[in-house]
Amino acid sequence: MRVLALSLVSSLALAQKPTPPKLETLAADVAALKVDVAEARKGAADAEAAQKALADVESRLIALGREVDRLAGLRAADADVRRELDRLGAESASLRARVAQLADRAAREEADEFVSGDSLALRTPDGNFAMKLGARLHFRHDYQARERRDDVSSFLVRRGKLAVEGHAWRPRLGYKVQLDFAKRDDPLEDFYVDYRRFEAATFRFGQFKVPFDRQRILSSARMQFPDRSVASEAFDLDRDVGAAVLGGWRDGLVQWNLAVLNGGGENVANDNIDYLYVARLLVSPWGPAPMEEGDIRRGPPRVTFGGGFAYDLAPTDIAARTGVDADAAGTLEDRDGDGDVDNVAVVLVGAELTAHWRGASLQGEYFWRREDPGAEAIGPDRTFRGFYAQAGYWVLPRRVELAARASWAEPHHYGATLADRQSNLPETTSEYSGVVTYARFGQDLKLQLEYAFTRELDIGATADVAETFDRDAHRVRTQLQLNF
């Protein structure tokens, strides 16, 4: 059983003889209890008995809140109001005691133990501190038969991640640190703090995935294919440093994200006064689809749709794009002569749709990007598009899944060097692939075999070379995932 992160603030302790609270205090107490119960239910996700007990408490809290609202509208005599406040105060105290009992029971079951399951975990007896240790290994064999390049056949560790997450002092103050040792230069991926004071909003600070598109946001442990689509790789914003608000309404019927970030990527400080602004809105009429590709849960119909928007003023990449020397670069980078490097306004829009139903899944996203250098003399506007669509079905429930994907993109190559544009970078790229997955323990231990045909067109066109060329490739990947 997962560790139950059920910790309540000391103010919820039952007073021996409560005095009749003021109406405003009682209303605030009810609101705080609702937040604590919501946090407790998240921590007790796999404990059926605790979930039911907390659901009963939550139902009574809703009723209690209605009674407080009703009392606020009454114009009864002082004695009548006092009697009502006495009764509601006693009801509130009783609910506080009930939630405290549930927390104590969970602490007795799980205190000071490492447990197996989705991860290894450790918690203090009072539940105020908790830590989970996780790891992910993607061991892969990659074979590619490519035109204009030598064929490649190689073993590699595609991902080698260690993660520590939990909460400190209170369950509502969470944290996560994740390292990927397959990245040789800088293994730090995630390092952030979450503050969950309100049921409808979580505040996040640090380095994390930019909340723009679905395929990038979801974990690599929950993908149908060994890697993300060529469209997602071309348009996603990966990770960045900044602050975000992640919210929801009515059990995930509506979900929204807002973020302000440096815009420079992982562990990069902002080199100007302009930030990357991101917004995302999702709607799920029958409840949100799980944040994973494929419907291994074989659940009821779930449909989620919406999209994201991002805006950034990025320093011009004209020097890298043209390959000019340092002296000429200064002139090109400040065409308006104001003493500052020119900016390029970047607008990115995404739309997404995900559907799960009884083992079948459908997922797709569309991306649109526009780069505006600001003046025709600096350069014309540039527009790029891309999409992917993939579908899968667990032909043997929770054991074997078949999936297929098609993806196409016009990569923007922003910041790429002239040499790369001339020899390696295409104007358009496409991918058609299929995969078979054999899974155990959910998706945490699985073996995948993928075949893909990729086509890159007009390589060198983005550098205006006289002669461009195309490149096709056949790719076979075998990947083992170990995740906990």
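User: Does F155 count as buried or exposed, and what is its relative accessibility?
Analyst: This is a predicted model, and the value is computed from its atoms. Exposed means over 50% relative accessible area. F155 passes that cut-off and counts as exposed, with a relative accessibility of 58%.

User: What kind of aromatic pair do F139 and F155 form?
Analyst: The structure holds five aromatic pairs. A pair of aromatic rings is described by the distance of the centres and the angle of the planes. For F139 and F155 the centres are 5.9 Å apart and the planes are at 5°. Planes under 30 degrees apart count as stacked, so this pair is stacked.

User: Which strands hold F139 and F155, and how many residues apart are they?
Analyst: The pair links distant parts of the chain. F139 lies in strand β2 (residues 130–146) and F155 in strand β3 (residues 152–168), and they are 16 residues apart.

User: What is the relative accessible area of F139?
Analyst: Partly exposed covers the range between buried, under 20%, and exposed, over 50%. F139 is partly exposed, because its relative accessible area is 38%.

User: Which residues form the covered face of strand β1?
Analyst: In a regular strand the side chains alternate between the two faces of the sheet. In β1 (residues 120–123), L120 and L122 make up the uncovered face. The covered face consists of A121 and R123.

User: Which residue of β2 stands opposite R123?
Analyst: β1 and β2 run antiparallel and are joined by four bridges. Their hairpin has six residues between the strands, and G127 there takes a positive phi near 80°. Across from R123, the residue in β2 is A130.

User: Where is W169, and what is its phi?
Analyst: W169 is found in the loop between β3 and β4 (170–180). W169 counts as exposed, at 55% relative accessibility. Although W169 is not a glycine, its phi is positive, at about 70°.

User: Is H413 buried or exposed?
Analyst: H413 is in the loop between β14 and α8 (418–423). H413 is not a glycine, yet has a positive phi of about 55°. Its relative accessibility is 14%, and buried means under 20%, so H413 counts as buried.

User: Which element gives the largest share of the largest nonpolar core?
Analyst: This core has 18 residues, and those with the most contacts inside it are F212, F235, L261, V278, A310 and F367. Two or more residues come from each of α5 (230–235), β8 (254–261), β9 (276–283) and β13 (382–396). The largest share, three residues, comes from α5.

User: How far is A404 from G392 in space?
Analyst: A404 is found in strand β14 (residues 400–409) and counts as partly exposed, at 43% relative accessibility. Leaving aside neighbours within four places in sequence, its contacts include F225, A391 and S433. A404 and G392 are 12 residues apart in sequence, and their C-alpha to C-alpha distance is 6.5 Å.

User: Over which ring does the charged end of R405 sit?
Analyst: The charged end of R250 sits over the ring of W249, 5.4 Å from its centre. For R405, the charged end is 4.2 Å from the centre of the ring it sits over, that of F225.

User: What is the relative accessibility of Q443?
Analyst: Q443 is in the loop between β15 (428–440) and β16 (445–459). Beyond neighbours within four places in sequence, Q443 is in contact with residues including R222, E292 and Q481. Q443 counts as buried, and its relative accessibility is 4%.

Methods:
Residues are numbered from 1 along each chain as its sequence is written. Side-chain values use heavy atoms; hydrogens and water are left out. Buried means under 20% relative accessible area, exposed over 50%, partly exposed in between (1.4 Å probe, protein chains only). Contact means heavy atoms within 4.5 Å. Rings of Phe, Tyr and Trp (its six-membered ring) pair if their centres lie within 6.5 Å; planes under 30 degrees apart count as stacked, over 60 as edge-to-face and the rest as tilted. A charge sits over a ring if NZ of Lys or CZ of Arg is within 6 Å of the ring centre and within 35 degrees of the ring normal. A nonpolar core is a set of buried Ala, Val, Leu, Ile, Met, Phe, Trp, Tyr and Cys residues joined through side-chain atoms within 4.5 Å. Two strands pair if DSSP finds at least two bridges between them.
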